[in-house]
Amino acid sequence: MEYGSVTARYFEALTRAGELPNGLPGLVSGEAEDRTLHVWVRFQLQLQSGIVRLARFQAFGCPHAVAAASKVAEWLEGRSEGDARSLDARAVCAELEVPVEKVGKLLRIEDAVAACWRHPATGNDKGR
Amino acid sequence: MSDADIYLDYAATSPVDPAVTAAMLECLQHEFGNPSSQHAAGRRARRLVEAARAAVAARVGAKPERLLFTSGATEANNLALQGVLRRRRKAPAHLVTSRIEHKSVLDTARALAAEGVEVTYVDADADGSVDPRRVAAAIRTDTALVSIMHVNNETGVIQDVNTIGALCRERGVPFHVDAAQSVGKLELELESAPIDLCSLTAHKICGPKGVGALYVAPHTALAAQLHGGEQERGLRAGTLATHQIVGMGRAYELADPEAEAPRLGLLRDRLWQELQAIPGVRQNGAPARRAAHVLNVTFPGIEGESLRFALRGVAASAGSACASDSPEASHVLTGMGLSDTLASSSLRFSVGRFTTEAEVVRAAATVAEAVHRLRSIAKSAPAWCSGSGF
């Protein structure tokens with residue numbers, strides 16, 4: 001499997017990997033998974049005044065999935081909730097040159113972010 | 001791969017030994033004759049081919065005239081299976097093989113099944129071995145061939161081909177063995193073994209790619225699969241690749257298991273010793289019945305593709321190189337009972353002639369660092385990511 005330079009950079013850096021402290025004001029989280037595709041993603045966001053102040057991710061998946069989660073966490077920080085809700089995973093896939101057969105896997109990242117808004121306290125979308 | 005990389009994928013292929021390169025270069029530069037030609041250049045090339053055939057035969061305990069040169073073990077496997085089964089085109093035919101064979105056997109079996117051949121796939125045990133009793137139980141009155149590999153390419157597990165072969169002989173069924181991973185690691189004595197067909201290759205033992213051989217025991221009937229010449233007793237048409245064959249012959253001269261296997265076993269064991277510092281690791285395949293060069297390890301909680309990508313500077317593989325483009329988990333490991341997730345969390349390391357102890361120690365440290373890093377970004381992952389919870 002070949003990986004583009006953007007994928008390699010985000011996979012290497014993992015700048016926003018990890019967890020936010022419990023009890024942080026405005027903390028929301030969401031996760032999604034697809035066991036058949038071997039992918040699980042979790043985001044934790046700190047929302048203040050409708051803005052995503054901090055974003056962290058955890059991921060189990062292929063390099064494209066990990067890099068995409070990393071890229072999305074970076075993208076989320078500083079965005080308004082409205083902008084964040086408009087996340088388009090396909091655009092992230094295009095930037096990371098994700099092979100078409102993996103796009104379905106990366107849509108779980110979009111699901112995980114969406115889950116943050118759905119159940120703000122314990123956001124969770126297990127997918128299938 | 002740069003010179004600084006650590007190559008631990010000898011079961012996929014191996015660097016060509018300088019002595020092999022020298023023999024091939026000499027041939028390429030000075031002996032371009034067609035070995036089938038009757039003039040002096042052709043006769044010289046023929047002598048080189050026959051010398052190589054004798055060297056290969058000596059290494060595997062066979063008479064030289066029992067070996068046919070092919071383009072590799074894949075072609076040899078195809079010739080063995082198709083050559084036997086297609087010869088019985090008009091009669092009902094049945095093939096017995098195992099679920100953990102190399103793709104070149106499984107895909108050929110599938111192609112034959114599409115032509116009407118019935119195929120029985122024998123299960124492997126959890127330790128990666130194929131029980132000879134299961135093979136015997138699968139043999140029927142119309143069984144035309146049994147095909148079981150000698151050393152599994154993903155786990156290194158050695159199959160009991162002598163017992164399986166003896167059971168086949170009792171039932172009068174020809175027995176084919178894919179020995180692509182055995183040469184240089186195990187002694188082979190094909191002439192005295194209950195084996196009728198045996199596939200060999202050069203590139204796993206520091207020889208060139210693109211050349212292999214099929215051992216055919218006396219009275220084993222095969223239908224040619226390539227047409228267009230009388231080379232190799234009419235069973236494998238095509239101009240013989242003299243330089244490749246010369247390289248294979250030299251590689252087989254050098255591949256002495258008595259000299260190499262103990263050192264490879266020590267390297268493999270050292271690698272495992274180092275990797276055991278990683279929590280939760282487990283090795284796949286019966287440790288007491290493995291060839292010296294292969295170590296297959298599962299790293300629970302790690303997605304295999306990410307682990308391979310994170311292992312910058314260490315060349316290891318998910319399993320068979322011939323299946324590495326497939327997103328599916330190893331059929332060998334799932335055939336041994338591992339879940340898809342655990343099979344996907346596994347790596348095959350394989351050492352060889354030019355591997356050093358310092359390299360395996362350094363590789364283990366790289367693996368440990370990568371595993372730690374990937375686990376650290378999935379601390380809250382559900383249980384199925386670690387192979388449980390299904």
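Guide: First, a term we'll need: the angle between two elements runs from 0 to 180 degrees between their N-to-C directions, along lines fitted to C-alpha atoms. Also, this is a predicted model.

Visitor: Which residues of helix α6 in chain B are buried?
Guide: Val161(B), Ile164(B), Gly165(B), Leu167(B) and Cys168(B) are buried, in a helix that covers residues 161-171.

Visitor: Why are they on the same side of α6(B)?
Guide: They cover an arc of only 160° around the axis, so they sit on the same side of α6(B). In general, an α-helix has 3.6 residues a turn, so residues three or four places apart point the same way.

Visitor: What covers the buried residues?
Guide: The cover for α6(B) includes α5 (132-138), β5 (143-147) and β6 (175-178) of chain B.

Visitor: And what follows α6(B)?
Guide: Gly172(B). Its phi is positive, near 70°.

Visitor: Now the sheet in chain B. What is the order of its strands?
Guide: The order is β2-β8-β7-β6-β5-β3-β4 in chain B. That is an open sheet of seven strands, with mixed pairing.

Visitor: Which are the edge strands?
Guide: β2 (67-70) and β4 (118-122) of chain B, each of which pairs on one side only. From one strand to the next, the twist averages 20°.

Visitor: In what sense do β5(B) and β6(B) pair?
Guide: They are parallel, with two bridges. Ser147(B) has His176(B), in β6(B), as its bridge partner.

Visitor: Which strands does helix α4 of chain B lie across?
Guide: α4 (residues 103-114) lies across β3 (94-98), β4, β5 and β6 of chain B. Its angle to β3(B) is about 155°.

Visitor: Let's zoom out. What domains does the assignment give chain B?
Guide: Domain 1 takes 6-14 + 257-381, and domain 2 takes 18-254, according to the domain assignment. Their centres, taken over C-alpha atoms, are separated by 27 Å.

Visitor: How many residues does each domain give to the contact?
Guide: Domain 1 of chain B gives 31 residues and domain 2 of chain B gives 30 residues. On the domain 1 side, α8 (257-275), β10 (294-298) and α10 (331-335) of chain B are the elements giving two or more residues.

Visitor: Switch to chain A. How many helices and strands does it have?
Guide: Chain A has five helices and three strands. Along the sequence the pattern reads α-β-β-β-α-α-α-α.

Visitor: What are its dimensions?
Guide: The C-alpha trace of chain A spans about 40 × 30 × 25 Å along its principal axes.

Visitor: How do the three strands of chain A pair?
Guide: The pairing is antiparallel, in an open sheet with the order β1-β2-β3. β1 (27-34) and β3 of chain A stand at the edges with a single partner strand each, so one side of each has no neighbour in the sheet. The twist averages 15° from one strand to the next.

Visitor: How many bridges join β2(A) to β3(A)?
Guide: Nine. Gln44(A) has Arg56(A), in β3(A), as its bridge partner.

Visitor: Where do the helices come in?
Guide: α2(A) lies across β2 and β3 of chain A, at about 170° to β3(A). Helix α5 (residues 103-118) of chain A packs on the sheet too, touching β1 and β2 of chain A. Its direction makes about 150° with that of β1(A).

Visitor: Last one. Is Arg53(B) buried or exposed?
Guide: Arg53(B) is buried, because 25 C-beta neighbours lie inside 10 Å, and the cut-off for buried is 20 or more. Arg53(B) is found in helix α2 (residues 40-60) of chain B. Beyond residues up to four places away in sequence, Arg53(B) touches Pro64(B) and Leu67(B).

Note on methods: Residues numbered from 1 in each chain as written. Chains lettered and ligands numbered in written order. Predicted model: local features only at pLDDT ≥ 70, side-chain atom pairs only at ≥ 80, totals over all residues. Helix = DSSP H or I, 4+ residues; strand = E, 2+ residues; numbered from the N terminus. Buried ≥ 20, exposed ≤ 12 C-beta atoms within 10 Å, placed from the backbone. Arc of directions from axis to C-beta. Contact = placed C-beta atoms within 7 Å. Pairing = 2+ DSSP bridges. Domains from an automatic or database assignment.
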